Amino acid sequence: MYKIMAKMKMKNCNNIMIHIAIVMCAIMLVIACDRVNLHEIADSDSRTAYAIAYNGSVYTLIIANIYFDKQFTSSTVLPNPMGGIAVNNERDIMVYNNSTGIALSTPDLKNWITSGAFPSYNTVLGYHDSFLYFNETNQQINQFDEDAMSWNVLATASTNSLGMFQANNSQIYIVGSIGTNVLFYTLDNLSTPFLTVDIGISLLNPVWGYANDNIFYIWMNDTTNSFFKIVSGTSINLNPSFSIGDSFIDATVTDDDKVFALVSELGNIYLKQIISDGNYPILYNFGTTGTFAIDTLDNNNLIIASYGNTESYNGLFIYNIKKMKIENFITTEDVIALCVPR
């Protein structure tokens, strides 16, 4: 009898151990599937957007493309107000502002490492396994040291430099101005421009830029919201005569060279395509409220983020260029930061 009971207890223990093993395998499978899905997001033919949603009390990291999205509720209070989000080549994520500090993602994408080492300016770029920002006051390029949790001067750009931007394949360019000439530098050579182009007018800060292969784009807020396309060393002003709007909010360029901009005009916030001088069709009117950002996922899809918009679509959503409509609503909560790394 005792032997039978002992055997039954042993069998029950074995069953319990088997059940525990099955549960653990299931948990590991879920985690593994999440990691595979994230890998698929990063490696798909759609670029991946990284965004932070905030509902007034909870921060959520959103990683999304045109196929699906993942959302991770933060267990950490993130920098607020948020100046931006940056992602480097290792898919490390930094959120930051220029007044209180930064936060770095951890592997579970829910907990963050925080630090008071804030950048001086709210344009941080992910670069290789680190992060950079450009100091507009002294033209210094600063790099984040994750071990020391501090920003260190990596290099000093030419005194005519106005800022830096990131192009395809993570390449970073520094743009400068002398008279009506625009000068482009690389991080490898900050003293000698590899390209100098006469655009006919002087650049004004702030200036934004982007590059597809060997085609460069720069734009700025002036009387016509000038937008320039630079091909083979020749500058083409896309809007020499007619203003795109009262002011730029944000702009983006697809790999097949379609140009889109969010502009403020007569109090309204419009999504426009910039086709040629005076030809800027309004694709959408978002009303009069809210703060917006835009980027490109592929040649047919734009991703738009907004917060504080009470009159139209708010949050994070995808605009289909071919269908000319918003068709994928990822969240309606305020989205306070957006980054699409390249």
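**Exercise 1.** How much space lies in the largest pocket?

*Solution.* The model is predicted: local features need pLDDT of at least 70 and side-chain atom pairs pLDDT 80 or more, while totals for chains, interfaces and linings use all residues. Residues are numbered from 1 along each chain as its sequence is written, and side-chain values use heavy atoms, without hydrogens and water.

Step 1. A pocket is an open set of points on a 1 Å grid over the protein atoms alone, where a 1.4 Å probe fits, with protein on both sides within 12 Å along at least five of seven lines; lining residues have an atom within 4 Å of a point.

Step 2. The volume, meaning the space filled by probe spheres set on the points, is about 1400 Å³.

Step 3. The lining has 49 residues, and Asn122, Thr123, Trp208, Asp250 and Leu338 lie nearest the pocket centre.

**Exercise 2.** State whether Tyr59 is buried or exposed, and find its side-chain polar partners.

*Solution.* Step 1. Tyr59 belongs to strand β2, a strand being a DSSP run of E with at least two residues.

Step 2. Tyr59 has a relative accessible area of 4%, so this residue is buried (under 20%; exposed is over 50%, with a 1.4 Å probe and protein chains only).

Step 3. A polar contact is a pair of N or O atoms within 3.5 Å, one able to donate a hydrogen and the other to accept it. The side chain of Tyr59 makes one with the side chain of Asn80, at 3.1 Å. A polar atom of the Tyr59 side chain also lies 3.4 Å from the backbone oxygen of Leu78.

Conventions:
Helix = DSSP H or I, 4+ residues; strand = E, 2+ residues; numbered from the N terminus.
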